[in-house]
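Please walk me through this protein model.

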Amino acid sequence: MARILALLLVLSFTLPALAVPVPPMNGVVNDPESQLSLWQRKALIQQVSDLNARTGTQTVVLLIPTTHGETIEQFANAVFNRWQPGDATRNDGVLVLVAWQDRKVRIEVGSGLEDMLTNALAKQIIDEYMLPAFRQNDLNSGIVRGVEGISTVLASQPLPKAQPPSFFEQMATWFSLWKSLLMLAVFIIALTVKGKIRTLAGLFLIACPLAVILFAYSEQNPLLLPFTLFCAAVPAFILLVMLCVWLIYPQRLTAAGRQKYHESRQLTYSRGSEISTDTTTYTSSESSSHSSSDNSNGGGGSSDGGGASGNWQAINRKTNDVSKYYLFYILNDIHD
């Protein structure tokens, strides 16, 4: 019995420590839950790799959802000791840890860099560079700006006042590739159905060179990758939609076919107007006959000027306005 109690006591101390295992280190940017998009992760890897190559130190980034009750300081220390970033003799590693569900962030600094990247500077980077973006739920921009602050300090330069994100950075955060592709597909289908061939040709000629230009610069700035894919999708969608329309209804892609389509619609509209005009003429004649029949069957006599008069607009027989005919018929019945 005593052994069982001792075992339970040992497990009560060891299980909390095992509840949050340290994830393995896979490169300079570790995002096990894939909170960053592909191009955001690629851009961040490039930024951290450039920092490490320029300074000779090693900065690593870890994104986790939560520390499960463990303090951010304890977990960052455990990760740092497990990963051991930086040189073993200089101990010049830096860990940027973000627990995004806990809304906590930690910059852990090796002892060899404590004189350069002090606690005060690390706190300034967090407060001025990272937290403003995190408060706006912009995880990527906060980490990017934090790495920029670390890079400035490790380059032995004074840390400037943090600037707001640029217009391009805001666009890159706001831009959703999949939603944009869906809207693009609907837009191209609508233009194709309406027969806007010139507009589609203009989009095709603009998107092709623009995609090539963005692709050339996307190697230097991976945040351009989603815009590159969007521009490349424009000519692909145009060709695909036009191919489908050509297989289903090829007349819509030719000038003669579109002209024939418009003529058939105008003919249908004209026939509808003629049917409406004939109906109105027949009904008006019927009303006049009814009035004459009543006068022929009535008794004699003379009018002394009594009665009532009314005036209304004549019915336009070229339009298909049935409501005006009903108004005329009702007023005529009331007068009778």
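A residue is called buried when its relative accessible area is under 20%, exposed when it is over 50%, and partly exposed in between, using a 1.4 Å probe and protein chains only. Keep those cut-offs in mind. This is a predicted model, in which local features need pLDDT of at least 70 and side-chain atom pairs count only at pLDDT 80 or more, while totals for chains, interfaces and linings use all residues. Residues are numbered from 1 along each chain as its sequence is written, and side-chain values use heavy atoms, with hydrogens and water left out.

Start with the whole chain. It has 11 helices and four strands. Helices (H or I, at least four residues) and strands (E, at least two) are DSSP runs, numbered from the N terminus. The chain has 336 residues, and buried residues make up 34% of them. Its accessible surface comes to about 21900 Å². Carbon and sulfur atoms hold 60% of that surface. Such areas come from the Shrake-Rupley method with a 1.4 Å probe, and for residues only the protein chains shown count as cover.

Now look at contacts, meaning heavy atoms within 4.5 Å.

Next come the charged pairs. A salt bridge is a side-chain nitrogen of Lys or Arg within 4 Å of a carboxyl oxygen of Asp or Glu. The structure holds four salt bridges. One of them joins Arg41 and Asp31, at 3.6 Å from N to O. This pair links distant parts of the chain, 10 residues apart. Arg41 sits in helix H2 (residues 38–55), and Asp31 sits in the loop between strand S1 (29–30) and H2. Is Asp31 buried or exposed? Asp31 is buried, because its relative accessible area is 10%.

Asp92 forms another salt bridge, with Arg90. Their closest N and O atoms are 3.0 Å apart. Asp92 is buried, with a relative accessible area of 5%. Arg90 is partly exposed, at 47%.

A further bridge joins Asp127 and Lys123, with closest N and O atoms 3.2 Å apart. Both residues lie in helix H4. They are four residues apart, about one turn of the helix. Asp127 is partly exposed, at 32% relative accessible area.

Follow the chain on from H4 (119–135) to helix H5 (139–154). How does the length of H5 fit its residue count? The expected span of a helix is 1.5 Å times one less than its number of residues. H5 has 16 residues, so it should span 22 Å. Its end C-alpha atoms are 23 Å apart, which agrees. Of the 16 residues of H5, 15 are buried, so the helix is largely enclosed by the rest of the structure.

Now turn to the backbone angle phi. Most residues other than glycine have a negative phi. Some residues here take a positive value. Asn137, in the loop between H4 and H5, has a positive phi of about 60°. Asn137 is exposed, because its relative accessibility is 66%. Just after H5, Ser156 also takes a positive phi of about 60°. Asn91 has a phi near 50°. Its place is in the loop between helix H3 (72–83) and strand S3 (93–99). Asn91 is partly exposed, at 24%.

What about the cysteines? A disulfide is a covalent bond between the sulfur atoms of two cysteines. Here, a disulfide is counted when a pair of cysteine sulfur atoms lies within 2.5 Å. By this rule the count is zero. Cys208 is in no disulfide, and the nearest cysteine sulfur, that of Cys231, is 10.0 Å away. Cys208 is partly exposed, at 28% relative accessibility. Cys244 is also partly exposed, at 38%.

Finish at helix H9 (residues 225–248), where Thr228 lies. Thr228 is buried, with a relative accessible area of 6%. Leaving out residues up to four places away in sequence, Thr228 touches Ala211, Leu214, Phe215 and Ser218. Trp246 belongs to a nonpolar surface patch with Leu243, Leu247 and Ile248. Together they have about 490 Å² of accessible area. Patches are made of residues with over 30% relative accessible area and no salt bridge; like charges are joined within 9 Å, and nonpolar side chains (Val, Leu, Ile, Met, Phe, Trp, Tyr) within 5 Å.
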